[in-house]
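Please read the following report alongside the sequence and the coordinates.

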Amino acid sequence: MKYLDAVALKGKLIVSITGKPGDDEVILECLDGSQYRMFHDQDCCESVSLFSITGDCTGFPLTTARERVSKDPPSDLSKEDIIALVLNESYTWTTYTLGHKRGTCVIRWLGTSNGYYSEHVQIDQIREARK
């Protein structure tokens, strides 16, 4: 299966986002009927889940859609979250920033593993736009 880059979402008008912290997928439903899924194809000895969604990216066409992958923890983590990270051999933060003329939405994922498995988030299209 071919996965998409975040830029594939640029120009889309998102009407709803389904997902909450701890979930293993986020569904983005667009005005044209298309749907996109952010997820991780889980394997042994790893865990990738939604950490947070902040802001609102619904109601206007997206003018920006970026992905950032980092090993550096965000500066706004609680002490408990930092301690939990230290207990893992490897972790990766994947952050999607989706913006439109009225605001920005940040979708942040945390992947952890023993260091031998992928911690990356994928995007695929699960429903085509209506004709």
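A residue is called buried when its relative accessible area is under 20%, exposed when it is over 50%, and partly exposed in between, with a 1.4 Å probe and protein chains only. The model is a predicted one, in which local features need pLDDT of at least 70 and side-chain atom pairs count only at pLDDT 80 or more, while totals for chains, interfaces and linings use all residues. Residues are numbered from 1 along each chain as its sequence is written, and side-chain values use heavy atoms, with hydrogens and water left out.

**The chain as a whole**

The protein chain holds 1 helix and 8 strands, where helices (H or I, at least four residues) and strands (E, at least two) are DSSP runs numbered from the N terminus. Their order along the sequence is β-β-β-β-β-α-β-β-β. The radius of gyration is 15 Å, close to the 14 Å that the globule rule gives for 131 residues, so the protein chain is as compact as a globular protein of that length; this radius is taken over C-alpha atoms, and the rule is 2.2 Å times the number of residues to the power 0.38. Along its principal axes, the C-alpha trace spans about 50 × 30 × 20 Å.

Of the 131 residues, 39% are buried. Contact means heavy atoms within 4.5 Å, and among contacts between residues at least 6 apart in sequence, 68% join residues at least 24 apart. The protein chain exposes about 7500 Å², of which carbon and sulfur atoms supply 51%; accessible areas come from the Shrake-Rupley method with a 1.4 Å probe, and for residues only the protein chains shown count as cover. The mean positions of the 15 positive and 19 negative charges lie 10 Å apart. In that count Lys and Arg are positive and Asp and Glu negative, with His and the chain ends not counted, and each charge is placed at NZ of Lys, CZ of Arg, CG of Asp or CD of Glu.

Two strands are said to pair if DSSP finds at least two bridges between them. Strand β1 (residues 14-18) pairs with strand β2 (residues 25-30) in the antiparallel sense over 4 bridges, in which T18 has I27 of β2 as its bridge partner and S16 has E29 of β2. The hairpin of β1 and β2 has 6 residues between the strands, and G19 takes a positive phi near 155° in it.

Strand β2 is also joined to strand β3 (residues 35-39) by 5 bridges, again running antiparallel, and M38 in β3 is the bridge partner of V26. These two strands form a hairpin with 4 residues between them, where G33 in the turn has a positive phi of about 95°.

**Residues in strands and loops**

Most residues other than glycine have a negative phi, and most peptide bonds are trans. C45, although not a glycine, has a positive phi of about 60°; C45 lies in the loop between β3 and β4 (46-55), and its 43% relative accessibility makes it partly exposed.

| Residue | Relative accessibility | Class |
|---|---|---|
| T95 | 16% | buried |
| H100 | 9% | buried |
| Q125 | 31% | partly exposed |
| F60 | 24% | partly exposed |

T95 and H100 both belong to strand β6 (residues 90-100). Not counting residues up to four places away in sequence, T95 touches R66, E67, R68, V106, I107 and R108. With the neighbours within four places likewise left aside, H100 is in contact with D56, C57, T58, F60, P61, L62 and T63. H100 and K10 are 90 residues apart along the chain, yet their C-alpha atoms are separated by 9.3 Å.

F60, one of the contacts of H100, is found in the loop between β4 and β5 (64-70). Beyond four places in sequence, F60 touches K12, L13, H100, K101 and R102, and from C-alpha to C-alpha F60 is 7.2 Å from I14, at 46 residues apart in sequence.

Q125 lies in strand β8 (residues 122-127) and, leaving aside neighbours within four places in sequence, is in contact with L4, S34, Q35 and Y36.
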